[in-house]
Amino acid sequence: MSKKNLLSIGIDFGTTFSFCCYLEGDTIRSLIPITENYGIPSLFYDDGNQKSFGRIAAKKLNNPRTSKNVISSVKRRLNETGYLLVAGDNKYTVEDIIREIVCNMVEGAIKTATETYQIDFTDDFRIEAVVTVPVGFSEPEKKLIEECISSIVMPNGKHLVVLKLVPEPVAAAIEYFGLRTPEDRDILVYDLGGGTFDSAWVHSNKDENEIPYEVLDQNGDPHLGGDDWDNAIANWLKEQYLKEFPDETISKHDESYLTYYARDLKEDLTQLESTSWEVDMHGNVAEGELTREKFEQLTKPLLDRTLQKLDDIIQRRGRKPDHIILTGGSSLMPQVHASIQQKFPNVDVRNVDPAHAIANGAARYADWLRQRPTTGKPNKKGDMVQKISSHAYGISYHYSDTNNIEICILIPRGAKLPCSAKTSSYTRRNNQYNSEFVVFELDSHEGEGSRIPESSGKQIMSVTLSRPTDR
């Protein structure tokens, strides 16, 4: 066995599937157990007596009696408070579920590295990770993911170290084009995952003195993904079932079963022009055929929403990209490639290992950081990826000219990170000793200094500044 005290990995914590890997030489090594071919289903099950993950939890989800104890698509539920699951004496928040799923994956990664790649970890070994996140995630959502994963404790008592968060489309570009491209290129990434959709305009620089990749624009929807295609089929199946058995009642558990079954039908239609279906509930059986044409008709509004995101970016950039690369497991649906190729006939459109490209790119980034442990600098600008703000940020003020409270944008959407901004304000009353500043996050594309209605923003934090009473 080879001795190792540091393992640098890439983690794609996905809505539907999660995957992690590392780079050995020029070869990506999967750290997923061979029993989980595609990736580990991002599922957690606890009935108060037993915990399950991955494909075992997936079997529980497919059973109406146990599905109520399965948490799925937790990545779409980051803003929920309270307990997502109560099982006996065990209670789980969003943070708990994320830790459980990722910790199980990392424990499996250590086991796979030991048994498959013959790595003998020393007692003081460390695991460092580059973790991918959707471009549409807010800063609080990114922070939550980072803190959850950073809190995971390895078997030797050390914490997993999160080196960087990298936007998922950028990780896909790194996997496809390498650490640096031979020519400057403009790359539009279309990333349709299980629960989120991301698109990003990534510019690659050939100049060794420049940052290899710059995110120039991005657009996404953290609540649009393959799950919604599944739901569209599940709703159609429910309609077909109720046509035959109109007196039946569909429970929440029945709906979970239909959604899980719908995913299988969707995957069938990736390869087939039609597939048969059979719904067996409450002792009643309904059956029929679902064609790819009908499936694409049912889900066209969803696909159109993703194409509109591309249009928005291209309109802002003022031209078409050199390349469009498709990634994310749901981009395998034939309708995706066909629609984009039809929409952009003169642009090079490629599929990039939809299942693993994002984790692979993160692993290459992690390995690059490992080789530069002191500065992590490939150039005078300091990093491999120049990221931008996924949202606009501002502070609310009471404006005397309108007598309204409005948000003044200080950090515009798309600003290169890190960035700073300055502003001046005045107290509303004489001898005012306290001033509260409320920070808002916005989806607006308005520029710095723009004034936006307070109702358009989401409050993310506040701070009260006080001055001594003798001043």
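Q: In which sense do strand 22 and strand 24 pair, and over how many bridges?

A: Strands of a sheet pair through backbone hydrogen bonds, in either a parallel or an antiparallel arrangement. In this predicted model, strand 22 and strand 24, the latter covering residues 458-466, pair in the antiparallel sense over eight bridges. Within this pairing Val-439 stands opposite Met-461, and the bridge partner of Glu-441 is Lys-458.

Q: Which residue of strand 22 stands opposite Ile-395?

A: Ile-395 faces Val-439 in strand 22; strand 20 (residues 392-399) and strand 22 (residues 434-442) are paired in the antiparallel sense over four bridges.

Q: What is the order of the strands in the open sheet, and which strands stand at its edges?

A: The open sheet has five strands in the order 23-21-20-22-24, with antiparallel pairing. Strand 23 (451-453) and strand 24 stand at the edges, and each has a single partner strand, so one side of each is left without a neighbour in the sheet. Neighbouring strands of this sheet are turned by 35° against each other on average, direction ignored.

Q: How much space lies in the second largest pocket, and which residues are the closest to its centre?

A: Rolling a probe the size of a water molecule over the atoms shows where empty space is left. The second largest pocket holds about 730 Å³ of space, and of the 24 residues that line this pocket, Tyr-397, His-398, Tyr-426, Arg-428 and Glu-436 are the closest to its centre.

Q: Which element gives the most to that lining?

A: Strand 22 gives the most, with five residues, and the elements giving two or more residues are strand 20, strand 22 and strand 24. The lining residues divide into eight nonpolar, eleven polar and five charged.

Key: Residues numbered from 1 in each chain as written. Predicted model: local features only at pLDDT ≥ 70, side-chain atom pairs only at ≥ 80, totals over all residues. Heavy atoms only, no water. Pairing = 2+ DSSP bridges. Axes fitted to C-alpha atoms, helices over the stretch in contact; angles between N-to-C directions. 1 Å grid on protein atoms, 1.4 Å probe; cavity = no way out; pocket = protein on both sides within 12 Å on 5 of 7 lines; lining within 4 Å. Points joined across faces, edges and corners; volume = space filled by probe spheres on them. Nonpolar A, V, L, I, M, F, W, Y, C, P; charged D, E, K, R; others polar.
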